[in-house]
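Please look through the model below with me before you read my comments.

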Amino acid sequence: MSQPSEMEIFREFIRKKGLRYTPEREIILREILKIHDHFDVDELYLRLRNQGHRISKASIYRTLPLLIECGLVQEVYQEDGHMHYEHIYGHEPHAHFRCLSCRRVEEFQDERLEEVAEEFRRKHGAEIKRVRYELLGYCAACLKEG
Ligand SMILES: [Zn+2]
Ligand SMILES: [Zn+2]
């Protein structure tokens, strides 16, 4: 049994919500899947524009919550007042370290994060959909420079 593709998941989700499946939304998702790093709306907008797509930032802002809701994209961190995202489907869950000086973002994995979520779930009877864990500080290179 093969896993459904991102496109299939998104189409099915849109259908279940009773929304219209627009080519625009598909173009946005396709572009996001090509970005193998964290991105923000401005970056995504520019990438689309450079390829000749006329997609407004407003449509990107409208599409992102749908992609998050169906589990294809997640919010990663807020910087300078705007959110950065990444696509997550088919990727191992990971946490982030963000350097406050050079703004480098590093990903790391630690199974203990899942354990904390599991323990919380048991204790509080909650349903955990996503684990988001972020360390903020200064990277070794920045510390060296003082
Ligand atoms: Zn740094
Ligand atoms: Zn990441």
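This is a predicted model: local features need pLDDT of at least 70, side-chain atom pairs count only at pLDDT 80 or more; totals for chains, interfaces and linings use all residues.

1. Residues are numbered from 1 along each chain as its sequence is written, chains are lettered from A and ligands numbered from 1 in the order in which they are written, and side-chain values use heavy atoms, with hydrogens and water left out.

2. Helix α2 (residues 23-34) packs against helix α3 (residues 41-50) at an angle of about 110°, and their axes are 10 Å apart. Helices here are DSSP runs of H or I with at least four residues, strands are runs of E with at least two, and both are numbered from the N terminus; axes are lines fitted to C-alpha atoms, for helices over the stretch in contact, with angles from 0 to 180 degrees between N-to-C directions. The angle makes α2 roughly perpendicular to α3, since 65 to 115 degrees counts as roughly perpendicular, under 35 as roughly parallel, over 145 as roughly antiparallel and the rest as oblique.

3. Where they meet, α2 contributes E24, R25, I28, L29 and I32, while α4 contributes S59, I60, T63, L64, L66 and L67.

4. Helix α4 lies across β1, β2 and β3, and runs at about 120° to β2. Those strands form an open antiparallel sheet of three strands in the order β1-β3-β2. Because β1 (39-40) and β2 (73-79) stand at the edges with a single partner strand each, one side of each is left without a neighbour in the sheet. Six bridges join β2 and β3, where two strands count as paired if DSSP finds at least two bridges between them, and E79 has H82 of β3 as its bridge partner.

5. A second open sheet has three strands in the order β5-β4-β6, with mixed pairing. Its edge strands are β5 and β6 (134-137), and the twist averages 20° from one strand to the next. Strand β4 (residues 95-99) runs antiparallel to β5 (residues 105-108), with four bridges between them, but parallel to β6, again with four bridges.

6. Which residues are the protein donors of the zinc ion (ligand 2)? They are H38 (NE2), E86 (OE), H94 (NE2), H96 (NE2) and E107 (OE), lying 1.9 to 2.3 Å from the ion; donors are N, O and S atoms within 2.8 Å of the metal (3.2 Å for Na, K and Ca), and sites may look incomplete because water is not among the atoms. In β5, E107 is also the bridge partner of H96. At 3% relative accessibility E86 counts as buried, whereas E107, at 44%, counts as partly exposed; buried means under 20% relative accessible area, exposed over 50% and partly exposed in between, with a 1.4 Å probe and protein chains only.

7. The unreviewed UniProt entry lists E114 for "binding site", although such annotations may be inferred rather than shown by experiment, and positions are given in the numbering used here with feature names shortened. Residue E114 is in helix α5 (residues 111-124) and is in contact with P93 and V131, leaving aside its neighbours within four places in sequence.

Methods. Contact means heavy atoms within 4.5 Å.
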